[in-house]
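Me: I'd like to go through this complex with you, chain by chain and contact by contact. Could you start once it is on screen?

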Amino acid sequence: MNSLITLPLLIPFFTAIILVFFAKNIPVQRWISTIGSISTIIAAVFLAITVYTDGIQTMNLGNWEAPFGITLVSDMTSILLVLTTSLIAFVCLLYSFRSIGKEREEFYYYPSFFFLVLGVNGAFTTGDIFNLFVFFEVMLMASYVLLVLGGTKIQLRETIKYLLVNIISSGLFVMGVAYLYSVVGTLNMAHISLRLHEMGQSGIVTVIAVLFLIVFGIKGALFPLYFWLPGAYYAPPAPVMAMFGALLTKVGIYSIARTYTLFFTQDVGYTHGLLEILAIFTIILGAIGAIAYSDVKKIIIYNIIVAVGVILFGVATFTPESLTGSVFYLIHDMIIKAALFLLIGIIIKVAGTSNLKEMGGLIHRYPGLGWTFFIAALALSGIPPLSGFMGKILIVRAGIDAGNYWGSGIVLLSSLFVLFSVMKIFINGFWGEAREYKQQEKVPVKWLLTAPVILTICAVLYGLGTEALYPIISTAAETLSNPEIYINAVLKE
Amino acid sequence: MMKTNNVILETATKVIVFIILLFSVYMFFAGHYEPGGGFIGGLMASGAIVLLLIAYDIKTVTTILPFDFKKVTAVGLLFAAGTAAGGLLFDKPMLTHWFTYVNPPLLGKMSLHTAVLFDIGVFLVVVGVTMTIIQTIGESE
Amino acid sequence: MEILMSFLIGIIFMSATYLMLSKSLLRIIVGTGLLSHGVHLLLLTMGGLKKGAAPLLGQHAEAYTDPLPQALILTAIVIAFGITALFLVVAYRTYQELGSDNMELMRGKEGNE
């Protein structure tokens, strides 16, 4: 037992609580949140090192033996995601300091922010299916508050839609847990996996698997269920948008990856086949959305949907190679999406509009912004040697090996559309005649730019260091593709 | 809205509020071995405060109870999280509880349990959240 | 008993869906409340409806009940309570903004064009 595993959860939790006491003192809030998020990163780094050297870390909460109590499990996949989350949270905080505005800061912006981090880290760490639901709710509750803070009409409208959609999906989640419990009689994920393997193939398990796919599909914006996403993510300010875009959908994807590799593996032909078809449709529709809009926010939002499809295509192919690719791409996408959202946040602030047709020539005045955006855009579409390349090539190669030429072709083709959609922003926004923009206030571009620059550097290093990172990521994927490792670590047989 | 003069309600409230509060404390401690606990006790206590709000108005209640209920929630969370994390200090997993029996004079055998501290946290969180929400809705009227 | 409960849960889900499809925001919130009640009942039913003693060591009872579904329901109820309360606050702010709880008035083009 190692108490390090609880720190990425406890630090944001305590930070959030302490921040409530200093709601009216903004400088103190900023200091506390900086310290809180930096210590979360440090804790995550130490935990990652421990997991790398000593293998999977577990903790049985309340000292109850493994299948009976709630277990926290930190394997390589989960700790890598926790680490990325903590990093993105820190960067978004830096960006928030100068852009979020006094009113939100006084109205519990930072506590909600840390509750969101707690929920996301918790969802990545937990090894209990009902506890996953609880952490989902913590995360969603914080996201409702972050979404509605400010209270403009569009925010209220989108919050109501988002709330309603998520209440229904949470209802379905609890129903799924109820059915699963009545079939296997346990909630511990490792134990569920064990019991389901003993049971063998059965129709009811497939039904439950599809029910969970619907639930996580709503949260993770899978093809027929992503309808709420473009509207909801459009409403909040840039740092919140970055947190949502980089983290919330990824929790849904992680949950699909976890459940579909750990225990719903009886009827792979049906469940994973369904997932594959949905993933391909997600890619196609996301790509159509990304090239159709001329609003910078919408373009990047639809790019989230494309990435969801690509990652889940890797999960659906379900070979060690494709899972490695998925983990690679998942982490890449979290970093680069956060960077892009922060960048377009600056662009919108500078230009005073999010419509591409009213922009132009930004590079004359803000060269740093322009070239950072250019690098981030290339990384997003997976140009080697930047970060998106390795993940995509592994996913495509595994798809071709599995005989799925159509799917792999669409994944490859989607890169082109992604590149086109972000280059459209670059060409229309940065090239051409410089225009006069009416800015209401002075924009601290230099300060704001540090945040996405940090993330872009991370993305470049992530791409260049692929060779060094490969063993770590393949350890992560190995736990996904071989459930025995996970089960043995949790149940300690 | 014009304030009506509810003599009967106001007089009755003065007595009933204390009965409800006492009952909420009873429910809170009953939760140790029987149905009850922090959540229901907290709801009961906020019910008493809501009764005060109905009988009087928000101004009177803020003078009687001059707390910022958001901070009450935070104190509650601090209790709960502190108890949860406390186990880590003794090299036990998170949320591990500890209890002992004591024999004070006159009162007889009693059990002391760290879960009570956790439950106090839940109680405060429930009171804090409920009152925050009711005040948010009530304040602008 | 389980079959009767299934019917009851079905009726609750039906009413919840009907309410959530209406234009009035308040009805929608009541609908979500009903939905979560239905889900909690389902969770209880799925754990098996039977009488028995608490599963403590040394009880020597003939039958035991499973405490886990009850613990899950309690958690789910608390979460549903929190979300409904938050939803009510959001609804109230919307009401202040619009002067009505009719969702038709919420329609708008911004963010959707």
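Me: Let's begin with residues 8-132 of chain B: what are the helix and strand percentages there, and how far apart are the end C-alpha atoms?
Reply: This is a predicted model, and in it residues 8-132 of chain B are 70% helix and 6% strand, with the end C-alpha atoms lying 28 Å apart.

Me: Which UniProt annotation covers residues 8-132 of chain B?
Reply: According to the UniProt record, an unreviewed entry, that stretch of chain B carries the annotation "domain: Na+/H+ antiporter MnhB subunit-related protein".

Me: And what is the mean pLDDT of chain B?
Reply: The mean pLDDT of chain B is 86, and 95% of its residues reach 70 or more. Among the elements of chain B, helix α1 (residues 7-30) has the highest mean pLDDT, at 92, while strand β2 (residues 110-113) has the lowest, at 81.

Me: Now chains A and C: how many residues does each give to the contact?
Reply: Chain A gives 27 residues and chain C gives 26. On the side of chain A, the elements that supply two or more residues are α6 (129-148), α7 (153-184) and α10 (229-234), and the largest share, 17 residues, comes from α7(A). That side of chain A has 19 nonpolar, 5 polar and 3 charged residues.

Me: How do the axes of α7(A) and α2 of chain C cross?
Reply: The axes of α7(A) and helix α2 of chain C (residues 25-46) come within 9 Å and cross at roughly 10°, and α7(A) and α2(C) are therefore roughly parallel to each other. Among the residues making the contact are A:Leu164, A:Ile168, A:Gly171 and A:Tyr179 of α7(A), together with C:Ile28, C:Leu35, C:Val39 and C:Met46 of α2(C).

Me: What about the classes in the contact of α7(A) with α2(C)?
Reply: The residues there divide into 14 nonpolar and 4 polar, with no charged ones.

Methods: Residues are numbered from 1 along each chain as its sequence is written. Chains are lettered from A and ligands numbered from 1 in the order in which they are written. This is a predicted model: local features need pLDDT of at least 70, side-chain atom pairs count only at pLDDT 80 or more; totals for chains, interfaces and linings use all residues. UniProt positions are given in the numbering used here, feature names are shortened, and annotations may be inferred rather than shown by experiment. Helices (H or I, at least four residues) and strands (E, at least two) are DSSP runs, numbered from the N terminus. Two residues are in contact if their C-beta atoms, placed from the backbone, lie within 7 Å. Ala, Val, Leu, Ile, Met, Phe, Trp, Tyr, Cys and Pro count as nonpolar, Asp, Glu, Lys and Arg as charged, and the others, Gly among them, as polar. Axes are lines fitted to C-alpha atoms, for helices over the stretch in contact, and angles run from 0 to 180 degrees between N-to-C directions. Angles under 35 degrees count as roughly parallel, over 145 as roughly antiparallel, 65 to 115 as roughly perpendicular and the rest as oblique. pLDDT is the predictor's confidence in each residue, from 0 to 100.
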